[in-house]
Amino acid sequence: MENSLLAPGHRACAGCAMPTTIRLVLDAAGPNTIVVSPTGCLEVTTTPFPESSWCVPWIHSLFENASAVASGVEVMLKRRKQDTNVVIIGGDGSTFDIGMGCNSGMFERGHKILYVCYDNEAYMNTGVQRSGSTPFCAQTTTTPPGSKSKGNPRPKKDMPAIALAHKVPYVATASVAYPVDLRRKVKAALQVDGPSYIQVNAPCITGWTFDAGTMIELSRLAVETGLWPLAEWVNGELAGVKKIRRPKPVTDYLEIQGRYKHLFKKNDCGDQLAKIQAIADANKAKYKLVD
Amino acid sequence: MSQINTANMKVVEGSYAVAHAVMCCKPDVISAYPITPQTHIVEHLSQMVANGELDSEFLTVDSEFSALSVLVGASAMGARSYSSTTSQGLALMYEVLYNVSGMRMPVVMNVANRAMGAPLNIWNDQQDAVGARDVGWLQIYVEDVQEAVDATLQAYKIAEDPQIRMPIMVCMDGFVLTHVYEPVELLDKELASQYLPAFQPEKILDPNHPMTFGAFADPSTYTEFRYQQFDAQLKSMAKIEKAAKEFEEIFGRHYGGLVDSYFADDAEVVIVTMGSVIGTIKDAIDAMRKEGKKVGLVKVRSYRPFPVQALRQALKGASVIAVIEKDVSIGAEAGLVTDLKSAFYNSKIRTPVIGFAAGLGGRDITIKDIRKIVDKAEAARKGIESEFEFLDLRTEIL
Amino acid sequence: MDIKAGRLVDPCSTRLTKTGAWRTFVPVFDHDKCIKCSLCEIYCPEGCIHQVDGLFVPDLDYCKGCSVCAHECPRMAISMVLEEK
Ligand SMILES: Cc1ncc(C[n+]2csc(CCOP(=O)(O)OP(=O)(O)O)c2C)c(N)n1
Ligand code: SF4
Ligand code: SF4
Ligand code: SF4
Ligand SMILES: [Mg+2]
């Protein structure tokens, strides 16, 4: 993409999904956009002073205040009657955990801001610690498997439901492996006169450990197993889901990632695999993913 | 110190007077969170916005942390930005304070100084702001409501100066100044606009000139970012003096620039302090002068930047110095006395300096207390017995 | 670029850093097999695959050799080859 709004030369790991995610979002949003980002891999890899990969105006302040900073940007645009998109692009740690207070305030005040979370399911920038987004059983450096642990003991926090509870008029999940779907959702979100939230599955090669080339395949498998339903809610109603044509067993997705390696080493983790399959099956039933 | 034109005076609450001053500064964005004793300021501002008297975006946010973060975004959009807080709220902002100054955003904030918990205490001292002396913000401490009003307008002038571009806290003692009703000359809107022109930011978040704000700096450049802030604070000393002078030319009132003094020239015992306790100290000095005691006062108006030269100049004739302050650095004396001693160390001044933590958590500082301090200072001329102490410590409840 | 501390950063300026130096394997495109679906261009994390004179080619100044393009090409038109440096 010659006229991409994210320049190459960024320092993200080879095979990281985050830069592809950003490009897809910016493609759909266009150059008349101001981006606000919290601290995390995105900020560190795309803005090493005195360089920046951003070809749109961009601001970073702290790890947990992007929603408040964006609110300040948005009120000034309204004050000047300037029609420019405000898009937050942030990691799951800032979105699900530390930034929750600011996110809640921004959603509740009804700012016209699109919040895109590139979800790599852990605090990657600080070396792969667990976040509220880390899925059940995944290994991170703070949920290591051991004789008394099978990885992360808790399921992933349901952030889209939290956004919906704030009556956010447009909420969607997406995947870096489904670019057409993601771009369409960004465009739909930017039409909304109010806040919107899109959570994008974005594999991290360092944290999930997989062969770099399989980054897209992995995100596709998350969808095809039912672990990452692609859904969209408009004004609180489920407005669409992406059907899975040939559902795959969760093991297809889990076994090619280092973060689940422990589940395959010892036979005492059979239970765990069944529980993860049950999470996928529950999603399939809840969202009617399979015809 | 100030000359007041009594014809235009109104008896109003301190918080109202400050809110009125903020209105005259015409901020684009106000973002604040309620906390005693700052609350009335933002309530008055909300009412002014609701009445259409003030055309500002007023954001009611989820915390002080969010309040100041909103102003980061607004300021990057070129907004004149305002907040106010105190104590726990200022502490909750701590991380953002560094961010605002590091990104050189000329935010102005009134701090209604209050004690820090635990134990929870809503009354006045200055622990909150003195504890945040190193965050890069300029700090002006005012002695009365009129000065709070006037310093708020001056603060924008200093903060938005293209050579400075630094945030400022205008520190006023909570309750003592925020809740008092006293005669104040409210600012004239026209004159205020004449004094403070519209904010002209050089660069803003603009799709036509898409710059990156808040990049990540490694060891090869970080020091220079800090140096530039340091340098801007030093440069701001002249701007603080200038802002006070220009203000005087238009409004006829002056409180000193960096420091001010009261009978300090020929004084043997000089008290150094900041904030509203100055009123009591002046009364005590008046009484003691009548008794022939050569007591004077030096008021530190600008605590950051710390006016080393101005203080050396103002205090060079003293035979003994007593610092009274409403804060402690637990484990190492307190902010003002430490800074003052360090200002003297490489100079020729060898005057004994003793420090007092007083008025903590809202305890009254009386004329009697000031006399006691002066007595102790006089005794210290012959040899310092205690370099630093808690005034009026109730040893019976320890 | 002149480094001036404290100044804002120019847009698109990481272009100055040629991340191609990170690469071990290099993608080699077989243009005869290519059906111009542009998936490689869309997915490339570096955004460094472009159409030049109608052919999809990687900009080796920035390609980190991650092999996402090779993996996703529906025609297996891209192969990863150990680069001689
Ligand atoms: C207040 C605060 N706490 C902790 C950190 C350290 N920190 C920086 S980035 C980060 C994790 C980022 O995780 P996430 O938001 O998921 O983004 P990712 O790096 O995974 O892309 C942490 C813990 C910080 N910068 N600020
Ligand atoms: S650590 Fe993970 S998220 Fe961060 S740049 Fe590398 S691959 Fe991307
Ligand atoms: S190997 Fe990776 S970086 Fe290189 S062109 Fe292919 S996708 Fe892009
Ligand atoms: S993915 Fe393969 S077929 Fe599609 S454009 Fe690229 S090289 Fe051609
Ligand atoms: Mg993350």
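Let me start with a salt bridge: Glu72(C) pairs with Arg220(A), and the closest N and O atoms are 2.5 Å apart. Please keep in mind that this is a predicted model.

The elements of chain A that give two or more residues to the side touching chain C are α1 (17-29), α7 (179-191) and α9 (215-224). By class, that side of chain A consists of 20 nonpolar, 9 polar and 7 charged residues. Polar contacts between chain A and chain C amount to 22 residue pairs, with both residues at pLDDT 80 or more. As for extent, 36 residues of chain A and 33 residues of chain C take part in the contact. The two chains bury about 2800 Å² between them, and 58% of that area is on carbon and sulfur atoms.

I turn now to the other contact of chain C, the one with chain B. Here 7 residues of chain C meet 10 residues of chain B. The area buried between chain C and chain B is about 760 Å², with 73% of it on carbon and sulfur atoms. Which residues of chain C lose the most area to chain B? They are Ala5(C), Leu8(C) and Val9(C), and together they account for 64% of what that side buries. By class, the side of chain C that touches chain B has 5 nonpolar, 1 polar and 1 charged residues. Between chain C and chain B there are 0 salt bridges, and the rule finds 1 residue pair in polar contact, again with both residues at pLDDT 80 or more.

Next, chain B itself. Its domain assignment gives domain 1 (6-251) and domain 2 (259-397), and the C-alpha centres of these two domains of chain B lie 27 Å apart. The contact between them draws 27 residues from domain 1 of chain B and 24 residues from domain 2 of chain B. About 2100 Å² is buried between the two domains, and carbon and sulfur atoms give 47% of it. On the domain 1 side, Arg133(B), Tyr141(B) and Glu143(B) supply 28% of the area buried against domain 2 of chain B, more than any other three residues.

How many salt bridges does the rule find across this domain interface of chain B? The number is 6. I would also point to the side chains of Glu147(B) and Arg301(B), which meet in a salt bridge at 2.6 Å, N to O. Polar contacts between domain 1 of chain B and domain 2 of chain B come to 19 residue pairs, both residues at pLDDT 80 or more. The elements giving two or more residues to the domain 1 side are α6 (127-130), β6 (138-141), α7 (145-159) and α9 (222-251) of chain B. By class, this side holds 13 nonpolar, 8 polar and 6 charged residues.

Finally, ligand 2. Which residues are around it? They are Ala12(A), Cys13(A), Cys16(A), Cys41(A), Asn120(A), Cys204(A), Ile205(A) and Thr206(A). By class, the shell around ligand 2 has 6 nonpolar and 2 polar residues, and no charged residues.

Notes: Residues are numbered from 1 along each chain as its sequence is written. Chains are lettered from A and ligands numbered from 1 in the order in which they are written. This is a predicted model: local features need pLDDT of at least 70, side-chain atom pairs count only at pLDDT 80 or more; totals for chains, interfaces and linings use all residues. Side-chain values use heavy atoms; hydrogens and water are left out. Contact means heavy atoms within 4.5 Å. Buried area is the accessible area (1.4 Å probe) that two parts lose on being put together, summed over both. A salt bridge is a side-chain nitrogen of Lys or Arg within 4 Å of a carboxyl oxygen of Asp or Glu. A polar contact is a pair of N or O atoms within 3.5 Å; within protein, one must be able to donate a hydrogen and the other to accept it, and residues adjacent in sequence count only if both atoms are side-chain atoms. Helices (H or I, at least four residues) and strands (E, at least two) are DSSP runs, numbered from the N terminus. Ala, Val, Leu, Ile, Met, Phe, Trp, Tyr, Cys and Pro count as nonpolar, Asp, Glu, Lys and Arg as charged, and the others, Gly among them, as polar. A residue is near a molecule or strand if one of its heavy atoms lies within 4 Å of it. Domain bounds come from an automatic or database domain assignment.
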